Structures are given as structure tokens and as C-alpha cells.
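Please read each point with the model open beside it.

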Amino acid sequence: MTTGPRQAEARKAEPSLTEASPAEPSPAEPGLVETGDPARERLRRWRLVLGGDQADGTGCALSGRDAAMDGTLAALYGKADKGQAGRDRSAGLGASAPSVARWLGDIRTYFPSSVVQVMQRDAIDRLGLASLLLEPEMLEAVEADVHLVGTLLSLNKAMPETTKETARAVVRKVVEDLEKRLATRTRATLTGALDRSARTSRPRHHDIDWNRTIAANLKHYLPEYRTIVPERLIGYGRAAQSVKKEVVLCIDQSGSMAASVVYASVFGAVLASMRSIDTRLVVFDTAVVDLTDQLDDPVDVLFGTQLGGGTDINRALAYCQSQITRPAETVVVLISDLYEGGIRNEMLKRVAAMKASGVQFVALLALSDEGAPAYDRDHAAALAALGAPAFACTPDLFPEVMAAAIEKRPLPIPDTA
């Protein structure tokens, strides 16, 4: 059997076709109905994956709901059999908005939400449908996710007024869903980190930091009793309601960082809601924009960004450096793929200067669920040599990274081996 773009994309769009056991269908496959014959069922699934080209080798014909599912896949990924005249007939969604809206409805009928989001993203990339998202009817038909928000933000300047309110509603739904998922755990994790970062020499018993206490009292070890007499206790204090830490989120808004911008804006709003943390949010390309005064509404933050353009990390860090008033109590988080268009050596000097002053500097190559990003490896290595390793971070790991930075302990860098 041969494979091509349609087959490869179909595998991604519907992994259940090949992964599920033919005799035991997955409940997440809304369009598949068992035939009862395992051999026939396997051929049927391979037929849906391979797309029905003459070389697919299955000899299996589809009908009913299976044929409709195959049609939605072929419209996006397929290249159908040659017509009778011998000309290639490429699949597509057509140029009209109604046909696209109908296709969007079909895929939501036949596939689970996670697959729908993949297919929508591929439709935008492969068939150039981004311009159709400028129509309110299209936005109401799509399945909203982080990647769609990124696309809408990149189209923000070209969006007609009639579409902007619909677009804001789509963005707000995604942002609110993310806040529900991430806010509680983030606040709990960072509140604990703030408490532990406040040291006291007269802790209550359950607040004693035993590792530090033992290390500080090793000279009081009594061999005959095989024990340490802790003459000095070290413990965790309790963070007061006043500001204890300052956090600066410095976000690269180049086009490749779209998902990171969305997640960082949500986290920025969550951090800003905590009294003990003074949060500043800065976005940059070749210019620098401070969006701190909009942090109470992450949707406003997102529509204040302008995805695309160049990158001047040095200029952005210079601005962030100028805003730091308490270096020893400040965490700077740079979120960028590190493709620097500014002055490289100056950028590295600024990072070194901030760290020397006591700033905790965190470099994230991405803040998303998209896996390992493309990034400038030379700049990443240079930052690592300065004691600021750069790594990609998922939204679920971000609270732990921030907690470690606040407590000034090693960062939980994921193992990418």
C-alpha cells in the first residue's frame, strides 16, 4: 500500500481508526459502527485511513455514515481518483462560506471535539481558510481552542467591526475555560511557595524546614546519642498580604508564539489576582508594549497584542530591567523562541546583569502543549552558560516552575531525552 498527504493527515485526524481493536470499538468514534466481522472491520478501518485511492489495496466500499465521514476527510486531506477524462480532481471545501459552514457542521457530527480542532487547524493551514474566519457566521460554527484564538489574534487588524464582537466572544470562551482549568492550582501552588520563601527562626512545629535546620546544626551532632541538637530552628514563615514578590512576564509576540501568548496572558491575569505578587506583563516584537494595566481582563490583553513581525529581545529586556525595583524579590520570565533580531551580546549582558543583581531569570522556549518548538540553539546554549537554561514548558508545569523560581530552588526542567 502507498501513502500520501491524505493518508498521513487522516492518521492524525482520526487515530482511533488504526489504534482501536476491531472487535472492541472506542466509544469516542461517533461515526463508526461495527460490522461484526473482524476481518471486514479491519479492512473498513484501513479504507477510511487510506482514502480509497486505487492503490489502497483494501477493495472495501463504504456506504451510509461511513461514506459521509470519508467525504469530510477527503474534502480536507484527499486527492480523489482521476476522472474519466484522465484529469486530476483535487478535493476541497469550495470557495463559498455556506459550503465551509456545512463542512464544519459535518466534522462536528462525525468526530470528537479533539479531532475537530485538529481538522479545523489543518483546514486553515492547508486550504487558506483564515480569511473566512473574518465572517461572524464562520466563527459561530467553529470549535474554539487555543490555536483558533491565535489565528484570530493574527487577523485582528484585518477584522471588520461586524466580526470583532463575535471574535471577542470566541476568545473569551477559550480564556474562561483555561482560567477554570489553571487558576486554582496556580494560586494554591504559588501561595505555598510564597509562604515557604518567607523564612523565620521561630517556626511552629509544622512550619519547620527540616532540611535547612539539620544543615545549619550539623556542628551540634552528638556521636554518643547519634543525634543532632537543633540549637537554631529554620522554618517557613507565612506570607503577609503585602507584596512579597514581583513577577515580570516578557512575551515574544512573533507569529510562531501564538499559543504561548494565549497561555501567558491567562497566567498573567491569575498572578495579578494574587495580592502577594506584583505582576507586570510586557509583549514585544521589534517594539515593546506594556499591557500591565489590562491584566484584569486577559481578553483585553490578547487583543492588545499584534502577532507577527520581527523580534528584539534585547530591547524588551532593557525595558523589563528598568522596571525592576527589588531585584532579590523579582522573577523575570522570558517566553521566546530566542530568534533574536536585536543585539545578541547586549541581550546576554542584560541577562547576566539581572542574575548578578539577584533576579531569578526563567527562559521558556514555549508555554504550550505543542511539544518541542523550533528555537535558536546557540542563544539557548549561551543562556544556559549564564545559569539560565531555556526549555519548553507546558501550562500544567508552569505553576511548579514559578514556585521553584519564587523559592530560589532549581527549576523542574522537563526531561527531553
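**Notes on the fold**

1. Eight bridges link β5 to strand β6 (residues 277-284), and the two strands run parallel. Helices (H or I, at least four residues) and strands (E, at least two) are DSSP runs, numbered from the N terminus, and two strands pair if DSSP finds at least two bridges between them. Within this pairing, Ile251 has Val283 of β6 as its bridge partner. Between β5 and β6 the chain passes through helix α11 (residues 258-272), and this β-α-β crossover is right-handed. A crossover is called right-handed if, with the strands pointing away from the viewer, the path from the first strand over the helix to the second runs clockwise.

2. A word on the source: this is a predicted model, in which local features need pLDDT of at least 70 and side-chain atom pairs count only at pLDDT 80 or more, while totals for chains, interfaces and linings use all residues. Residues are numbered from 1 along each chain as its sequence is written, and side-chain values use heavy atoms, with hydrogens and water left out.

3. The chain has 16 helices and 10 strands. Of its 417 residues, 47% are buried, where buried means under 20% relative accessible area, exposed over 50%, and partly exposed in between (1.4 Å probe, protein chains only). Contact means heavy atoms within 4.5 Å. Among contacts between residues at least 6 apart in sequence, 72% join residues at least 24 apart.

4. In what order do the strands of the open sheet of six lie? The order is β7-β6-β5-β8-β9-β10, and the pairing is mixed. β7 (288-290) and β10 (390-393) stand at the edges with a single partner strand each, so one side of each has no neighbour in the sheet. From one strand to the next, the twist averages 25°. Axes are lines fitted to C-alpha atoms, for helices over the stretch in contact, and angles run from 0 to 180 degrees between N-to-C directions.

5. β5 also pairs with strand β8 (residues 330-335), in parallel and over six bridges. There, Val248 has Val332 of β8 as its bridge partner. Further along the sheet, strand β9 (residues 360-367) and β10 are joined by four bridges in the parallel sense. Leu367 stands opposite Cys393 in β10.

6. Why is strand β5 described as largely enclosed? Eight of the eight residues of β5 (residues 245-252) are buried, so the rest of the structure largely encloses this strand. In a regular strand the side chains alternate between the two faces of the sheet. In β5 both faces are covered: Lys245, Val247, Leu249 and Ile251 are buried on one side, and Glu246, Val248, Cys250 and Asp252 on the other.

7. Helix α13 (residues 313-322) lies across β5, β6, β7, β8 and β9, and runs at about 155° to β6.

8. Leu281 belongs to strand β6 and is buried, with 0% relative accessibility. Leaving out residues up to four places away in sequence, Leu281 touches several residues, among them Leu249, Ile251, Ala264, Gly268, Val289 and Val301. Gly268 is 13 residues from Leu281 in sequence, and their C-alpha atoms are 6.7 Å apart.

9. Is Ser336 buried or exposed? Ser336 is buried, with a relative accessible area of 1%, and is found in the loop between β8 and α14 (344-356). Not counting residues up to four places away in sequence, Ser336 touches Asp252, Met257, Phe284, Ile313, Leu364 and Leu365. Ser336 and Met257 are 79 residues apart in sequence, but 7.3 Å apart from C-alpha to C-alpha.

10. Helix α8 (residues 146-154) packs with α11 at an angle of about 105°, with axes 8 Å apart. This makes α8 roughly perpendicular to α11. Angles under 35 degrees count as roughly parallel, over 145 as roughly antiparallel, 65 to 115 as roughly perpendicular and the rest as oblique. Val146, Val149, Gly150 and Leu153 of α8 meet Ala258, Ala259, Val262 and Tyr263 of α11.

11. Helix α3 (residues 38-50) packs with helix α4 (residues 64-77) at about 25°, with axes 9 Å apart. The two helices are therefore roughly parallel. Arg44, Arg47 and Leu48 of α3 make the contact with Asp66, Asp70 and Leu73 of α4.
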